[in-house]
Amino acid sequence: MKKMIAEPLFIFVSILSSLWVNGYSDDLKKKKALNSSIVTLSTEISSNISYSEEHLIQLQHMHHMTDYILNHFNTYNREDLREIHNNNPFVHSFSVDNEIVYDKTNSDFNDKKYFMWTNAWEPDNIFFTSLLNSGELLKINNELLVREIESIYTKQEERLSGLFNYRNSVGNKIIDWDVNRTIALNSDQNSFFSARDKELMVHMQWRKDILEQSIKGLEDYIVSLNRVVELIDEHYKSIQ
């Protein structure tokens, strides 16, 4: 009789133990996969820190140039502006290896860029988007970390994107100003040196003000990025 009771009980306990072990193993795998995803997100954020720090320097150089133009509006010349840009470059392109190459070539068209260059804002969002779309972001059991991640990838990046669009809008108005002055003068002379006027000054003042907002927003963004990386280092990288 005891044997008849013991054998089914043993089988039942064995099945429960097996289910518990399998469940624990699956749960552990999911946690490791989530931790790995969070660490990968940290790598993307670290890349954005490097990108943003370089972008910040470019904005600061643009602000320096714009401030000089406004403070010397009636007297600035191309030689002075070229020297400023050579020492504080912001006009650039990218090499085949995706490295920034600053353009210090002296040309009439580059002289115009000192007034209208906007500098695109293009941080990496690929892995964050993947986490968001897969629902993995909601599985992070750290409210502070989730809040910080959502803040940098939504509110702060949207603000910086909006400021870039604003800069771009002013840049387009400066281009329109240049086209209109060139047509009106019917001359090959560079309008920024031969036809400077109150309208250009107003555009440049708008440019300066937006650059100041962009710089402040980017500085705050970089602080937030570093804070997220620190949280991930503290709570996730150590348990890999």
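Is I174 buried or exposed, and what is its relative accessible area? I174 is buried, with a relative accessible area of 0%, where buried stands for under 20% relative accessible area, exposed for over 50%, and partly exposed for the range in between, with a 1.4 Å probe and protein chains only.

## Basis of the model

The structure is a predicted model, in which local features need pLDDT of at least 70 and side-chain atom pairs count only at pLDDT 80 or more, while totals for chains, interfaces and linings use all residues. Residues are numbered from 1 along each chain as its sequence is written, and side-chain values use heavy atoms, with hydrogens and water left out.

## Overall architecture

The protein chain has seven helices and two strands, which are DSSP runs numbered from the N terminus (helices being H or I with at least four residues, strands E with at least two). Read from the N terminus on, the order of the elements is α-α-β-β-α-α-α-α-α.

Of the 240 residues in the protein chain, 39% are buried. The chain exposes about 14,100 Å², of which carbon and sulfur atoms supply 55%; accessible areas come from the Shrake-Rupley method with a 1.4 Å probe, and for residues only the protein chains shown count as cover. Among contacts (heavy atoms within 4.5 Å) between residues at least 6 apart in sequence, 79% join residues at least 24 apart.

## The nonpolar core

The largest nonpolar core has 53 residues, and those with the most contacts inside it are Y76, L81, F115, L145, I149 and F192; such a core is a set of buried Ala, Val, Leu, Ile, Met, Phe, Trp, Tyr and Cys residues joined through side-chain atoms within 4.5 Å. At least two residues of this core come from each of α1 (2-71), α2 (78-87), α3, α4 (126-134), α5, α6 (191-194) and α7, and the largest share, 13 residues, is supplied by α7. When residues up to four places away in sequence are not counted, L145 touches I38, I140, V228, L231, I232 and Y236.

I174, the residue of the opening question, has its place in helix α5. With the residues up to four places away in sequence again left aside, I174 touches F115, M116, F192, L200, H203, M204 and R207. I174 and V202 are 28 residues apart in sequence, and their C-alpha to C-alpha distance in space is 9.9 Å.

Helix α3 (residues 108-116) is largely enclosed by the rest of the structure, because seven of its nine residues are buried. The buried residues in α3 are N110, D111, K112, K113, Y114, F115 and M116.

D178, found in helix α5 (residues 143-185), is likewise buried, with a relative accessible area of 7%. The side chain of D178 makes a polar contact with the side chain of K112 at 3.0 Å; a polar contact is a pair of N or O atoms within 3.5 Å, where within protein one must be able to donate a hydrogen and the other to accept it, and residues adjacent in sequence count only if both atoms are side-chain atoms. Not counting residues up to four places away in sequence, D178 touches K112, S191 and F192.

## Salt bridges

Side chains of opposite charge can pair when their charged atoms come close. The structure holds nine salt bridges, each being a side-chain nitrogen of Lys or Arg within 4 Å of a carboxyl oxygen of Asp or Glu. One of them joins R78 to D108, with the closest N and O atoms 3.3 Å apart, and this pair links distant parts of the chain, since R78 is in helix α2 and D108 in helix α3, 30 residues apart. R78 is partly exposed at 23% relative accessible area, and D108 is partly exposed at 33%. R78, R82, D108 and D111 are linked in a network of salt bridges.

R227 forms a salt bridge with E148, the closest N and O atoms being 3.1 Å apart; R227 lies in helix α7 and E148 in helix α5, so the pair ties together parts 79 residues apart in sequence. R227 counts as partly exposed at 36% relative accessibility, whereas E148 counts as buried at 13%. 

## A nonpolar surface patch

Y166, V202 and W206 make a nonpolar surface patch of about 290 Å²; patches are made of residues with over 30% relative accessible area and no salt bridge, like charges being joined within 9 Å and nonpolar side chains (Val, Leu, Ile, Met, Phe, Trp, Tyr) within 5 Å. W206 has its place in helix α7 (residues 198-235) and counts as partly exposed at 43% relative accessibility.
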